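Here is a short report for a first look. Keep the sequence and the 3D view at hand while reading.

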Amino acid sequence: MASKDADPSLGYLTRKDTEVKLPRPTRVKNKTPAPIQITAEQILREARERQEAEIRPPKQKITDSTELADYRLRKRKEFEDLIRRVRWNVSVWIKYAQWEESQKDFDRARSVWERALEVDYRNHTLWLKYAEVEMKNKFINHARNVWDRAVTLLPRVDQLWYKYIHMEEMLGNVAGARQIFERWMSWMPDQQGWLSYIKFELRYNEVERARAIYERFVQCHPKVGAWIKYAKFEMKNGEIVRARNVYERAVEKLADEEDAEQLFVAFAEFEERCKETERARCIYKFALDHIPKGRAEDLYRKFVAFEKQYGDKEGIEDAIVGKRRFQYEDEVRKNPMNYDTWFDYIRLEESVGSKERIREVYERAIANVPPAEEKRYWQRYIYLWINYALYEELDAGDTERTRDVYRECLKLIPHEKFSFAKIWLLAAQFEIRQLNLKGARQILGNAIGKAPKDKIFKKYIEIELQLGNIDRCRKLYEKYLEWAPENCYAWSKYAELERSLSETDRARAIFELAITQPALDMPELLWKAYIDFEISEGEYERTRGLYERLLDRTKHLKVWISYAKFEASAMEENNGGSDSPRDGVQEEKKECIQHARRVFERAINYYRTSAPELKEERAMLLEEWFNMESSFGQLGNISLVQSKLPKKLKKRKQIASEDSGVAGYEEYIDYLFPEENQTTNLKILEAAYKWKKQKISSDDD
């Protein structure tokens, strides 16, 4: 009976019977590497060893002519069937022809070769195999016929010509080989073909014939290498005059070619071998003048080696310098705005010591003015002028030319857009070295008028200060501050000058004027200088007033700490109020400590009420106060600060990511001050009281 789950459409098989069960993938439980690793090489070697031997048919022994005829008939049928299937397969034709040859049936073999050539006569392998078979079996005329047809049909295949000529030469048919060479040369082959023809003639000592072939060769291939080979051939035969003539003709024709350097080097070496050193030197110099510098590296190297061997000291130095000079000339011609190359070129000329050449290179270098009026393009260029002026002053000793260089440089710079303080200062210092103080002042005055800069003001003031001209220094400081009223350095230095002259009131007035400026670049330095000035003058009340004015402007942590430290160290002069000086000093110390404590208390009160978010600053202030109380010794009171010190708490906060998600958490230090702790405890008690009240009301219900 059929099962109730059987399906008639499936021949009464169940669905389970017809399911295709795929093998379950094996799960690798242990993925650690095996103790013994097997390489791919081992697997291939084992597979090779286990491979069964190839089954070959047994060898058949033929005993009579009938069996031989059957074998030949069967084999020919196999080859013919194979050719009908793969007519274009050359290897099948070659095997067929070679089999016929092995049966000594040469007519049939030739027939197969000819049929193959009808299929693909452009395949030079067929011609080579065909001719080799004829030669091997000593059918010379047949072989000649094959070679002749081959070179006629495929004249650009050099191998056919080489084989044909080799056969004739082996047979001793030199005239025939020469005739084949001539046929080949009419096709103008590559250089190797011509050289083979020349070697063939030289093997039979036909020097004149070889020379004639060389003449045709250099006409066919007018290259540097061909001419050099021709000249070396003449040199080898002892024909020095002919060799020189070949080189001269080559130079006339190929002096402008890309590889002309090789020709000149070979020509110079030829003259060197002939002991004609002057001729060789002239050739090198002619070549260096005509060949572009980028292609003459080998030529330079050879020339230097030649001068080292045959020249004197001056010649060697000239060769080396000339080589480098040509390199620099080539580089500056390609990129005249490359100022680093100009610097190297100038250093080279300075090492030689020719003033005219040095000045010429300097003038050519400074003529390459940067195309854009932007300072970044001029920063390297301006050093050419500086070096030029220093050379004229220090090396050449020409003061007038030095002055002209500085003057022209200052005219060239567009001072409306940018300037260089270095040039102004160098020009002024040069005039001072020439004892021309008026000229130096004029230059620096022009600098302040056209392009005022910090460096110029500072150096001008320094010069006048060294000369003892105080009134000039004051005028310069005034101009300096008119130009840059926000420069705290200038205000401080001006006040320092007046203080050094014991002009205390003037210095104080300068400081007062400085701190009233609407904008300052470094106000903290200015205030510190003013406070230090008042402290050094012993004006403690004025110092306190300054600190109070500063606190009106900023409540920075450093200001509070500095104020407290000042109060702790300020000692009023003893006015004789106490019986013993020691008791007076002790009382003053206590009073100073009280002043410092009041400052700290004010600061703490400010951070607690006005800036509660600055917890870290408040904690640092308390820590500074604690350290100060500790430093007071017996007069200090640490307990005043300990009750106010906060607790450090480590907390975490979320780091928001760019997609408004949470990227993670980071830890930070928070400070819990005593009053915050009490507030937190009160909040907890209030919450507990509410909870108790709610519980009682729920129980009553």
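Where does Met522 lie? Met522 sits in the loop that runs between α28 (504-515) and α29 (523-536). This is a predicted model.

Is Met522 buried, partly exposed or exposed? Its relative accessibility is 34%, so Met522 counts as partly exposed. The cut-offs are under 20% for buried and over 50% for exposed. Asn487 is 35 residues from Met522 in sequence. In space, the two are 7.6 Å apart, C-alpha to C-alpha.

**A helix pair**

Two packed helices are described by the angle between their axes and the distance between the axes. For α30 (residues 540-553) and α31 (residues 557-569), the angle is about 165° and the axes are 11 Å apart. The two helices are therefore roughly antiparallel to each other, as angles over 145 degrees count as such. The crossing of α30 past α31 is left-handed.

Which residues of α30 and α31 meet? The table gives both sides.

| Helix | Residues in the contact |
|---|---|
| α30 | Tyr540, Thr543, Arg544, Tyr547, Glu548, Leu550, Leu551 |
| α31 | Val559, Trp560, Ser562, Tyr563, Phe566, Glu567 |

By class, this contact has eight nonpolar, two polar and three charged residues.

**The whole protein**

The protein has 35 helices and two strands. Of its 701 residues, 36% are buried. Its accessible surface is about 44700 Å². Carbon and sulfur atoms account for 50% of that surface. Among contacts between residues at least 6 apart in sequence, 47% join residues at least 24 apart.

Key. Residues numbered from 1 in each chain as written. Predicted model: local features only at pLDDT ≥ 70, side-chain atom pairs only at ≥ 80, totals over all residues. Heavy atoms only, no water. Helix = DSSP H or I, 4+ residues; strand = E, 2+ residues; numbered from the N terminus. Buried < 20%, exposed > 50% of the residue type's maximum accessible area, 1.4 Å probe, protein only. Axes fitted to C-alpha atoms, helices over the stretch in contact; angles between N-to-C directions. Parallel < 35°, antiparallel > 145°, perpendicular 65-115°, else oblique. Left-handed = near helix turned anticlockwise from the far one by under 90°. Contact = heavy atoms within 4.5 Å. Nonpolar A, V, L, I, M, F, W, Y, C, P; charged D, E, K, R; others polar. Areas by Shrake-Rupley, 256 points an atom, 1.4 Å probe, with all protein chains shown as cover.
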